[in-house]
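User: I would like to go through this model step by step. Please answer some questions on what it shows.

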Amino acid sequence: MWNFFLLISMWDSEAESAIAAVPWKKTAVKTDGFERKGQSWFVASEIPSDLLVQIGDIGFHVHKYPLVSRSGKMNRIIYESSNTELNKVALHDLPGAEEAFVLAVKFCYGMAVDLTATNISALRCAAEFLEMTEDLEEGNLIFKTEAFLSYVVLSSWRDSIVVLKSCENLSPWAENLQIVRRCSESIAWKACSNPKGVKWQYTGKPPRPASNAKLVEESELSLRQAPMDWWFEDVSILRIDHFVRVISAIKVKGLKHEQIGDVIVHYANKWLPSDLGVFDQSPSGRKLITAGPELDIHDLATRAKDQKLIVESLISIIPRQKDSVSCSFLLKLVRISGFLKVAPALVTELEKRIGSQLDQAILSDLIIPCYHKNDTLYDVDLVQRLLEYFLMEQSESRCSSSNSGSPEKSQVWTNTLAYMKVARLADSYLTEISSDKNLSITKFQVIAEAMPGLAQISDDGLYRAVDSYLKAHPNLTEHERKRLCRVLNCEKLSIDACMHIAQNERLPLRNVVQVLLAEMVKVTDSITGESTITNRKALLEEMPDEWAATKKEINRLKFEVKTLKNNCLKMQNELEAMKKPGKSEPAKPKWSISWMKMGKNSKAMPENGSTEEQTKKAHRRWRYSVS
């Protein structure tokens, strides 16, 4: 801690020329210091005090002459007063209050004043309030405090933080005197410096070993290699308005937006609640139960107001660049914004940011309660807006790519992958919220149909959501169930899903038949669909590594299709063998007869060259008879 001592000699008769008129005898007032008794301060002097200065509930019994000789405000109050016997002055709006006035009075009496980072801002504001300028005396308090701020505080990282923190209770004086601005710029310059050149003390810096020269050398090396986030914890102690000033100054200096985003997340984790509580269902509506000790209504309102200001300020300073902060963090801000009723314009801006990177979200981030009464348990409308913003962002991205020329292949795959991720996320979200009794079919359909059909490779996830909704709403009419099942695409269901649908009594019969027919068509097409499978294989080989999971799923489906194909071929050969004329052997099972005939035919194949052509015709006749 930097200390700065001002040793001011006792004022004498030579200093009296600065005062225009003095109505009493010019004598020096010698004092041994100040002492406090109860709610009053007294000067230890042989001369009785002739002035009472009231600051709040605290009274200062002082002499007029030391104050009017250094303070233009006190000079004007005393001499311009119509009361010639004025002996009491009230200074209730003095910045810094009692602590700052004690130091200012000591300075007026010529006592040693210890300037530190904790008291310099209050003393500088008090000196400005008391008008302790160079016009009254050379080297007055304004000059001394300004010198300390410029040459001591602003050159120190820790002192700049401490002074800026101490300015919280000095508005608007600290703002008008540029103390906040100067400290913010000093902090910004040091935060943007190369971490290898950080030699000053900061929170979390390892202590320097006192012995062993090798350890000292290693410690100095580690001190030069400070981490990239070495300054996060120090700036996070600042009040939100001062934190915003620091971040704004850092942006001007050109720090990377990823680092700015990281420090914003760090600040939010420090000052915003990680959990808003749980809902207590009661006849009067939902009641938020907060963790921790119970607070009265006034404290809760004050805390909510402070946190609302923090959220609104953080939203306004998040860098515009995409991925400067994670999607999970943005969704956390949205969750808190809904509870604190943040300004709608800021919430809309935040939702658009989330939509641009919605493919990074996870299911737990989207499970946001609805803080409005008589509504769904979860904020479905919010998720609907996020999906719309995502589609708008993707559309703008395609338009910009087309305007700039042919889009890169990697960019096309990235956009396609983002579509698929968001589609799966929407299906999982519907499955999670389907148990809500207040969730209407309309809202379910809006979420289910939000993503384009090309984004859905498989509708198995959507089927799980539909089935879960039917379980949670057993009283739906037949018409409502048919309306709900319209969101399913029967051609995008796996074999396992089709088997489950065939046994699902909750689905309408019409949908069950549609699924079975679609599966039959797929099996039939797979028998003669060699070219289709080959094309899919070539397409999958061109896909990037992120599609590994999708390729694995498609390969599994291909294996199942091939298995069905082989079984169908075997059954077809058996049917053809059973249709040929010949003596039957009733004592033997039908399957054994078929296999015997198939064996004979296979032996006769080398002798008859037209067997292969006949087999193809038999295959074609069976295919047309089935379809």
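**Rings and helix packing**

Analyst: In this predicted model, Tyr-267 is buried, with a relative accessible area of 2%.

User: Is Trp-271 buried, partly exposed or exposed?

Analyst: Buried means under 20% relative accessible area, and exposed means over 50%. Trp-271 has a relative accessible area of 37%, so Trp-271 is partly exposed.

User: Which kind of aromatic pair do Tyr-267 and Trp-271 form?

Analyst: Both residues lie in helix H12 (residues 257-271), four residues apart, which is about one turn of the helix. A search of the whole structure finds eleven aromatic pairs. In the pair of Tyr-267 and Trp-271, the centres are 6.1 Å apart and the planes are at 40°, and the pair is tilted.

User: How are helices H19 and H20 oriented to each other?

Analyst: Helix H19 covers residues 441-448 and helix H20 covers residues 460-472. Their axes are 12 Å apart and meet at an angle of about 175°. Angles over 145 degrees count as roughly antiparallel. H19 and H20 are therefore roughly antiparallel.

User: How many residues of the contact of H19 with H20 are nonpolar?

Analyst: H19 contributes Ile-441, Phe-444 and Ala-448, while H20 contributes Leu-462, Ala-465, Val-466 and Tyr-469. No polar and no charged residues take part, and the number of nonpolar residues is seven.

User: What percentage of the residues of the chain count as buried?

Analyst: The chain has 27 helices and nine strands. Of its 627 residues, the part that counts as buried is 43%.

How values were computed: Residues numbered from 1 in each chain as written. Predicted model: local features only at pLDDT ≥ 70, side-chain atom pairs only at ≥ 80, totals over all residues. Heavy atoms only, no water. Axes fitted to C-alpha atoms, helices over the stretch in contact; angles between N-to-C directions. Helix = DSSP H or I, 4+ residues; strand = E, 2+ residues; numbered from the N terminus. Parallel < 35°, antiparallel > 145°, perpendicular 65-115°, else oblique. Contact = heavy atoms within 4.5 Å. Nonpolar A, V, L, I, M, F, W, Y, C, P; charged D, E, K, R; others polar. Buried < 20%, exposed > 50% of the residue type's maximum accessible area, 1.4 Å probe, protein only. Phe/Tyr/Trp six-rings, centres within 6.5 Å; stacked < 30°, edge-to-face > 60°.
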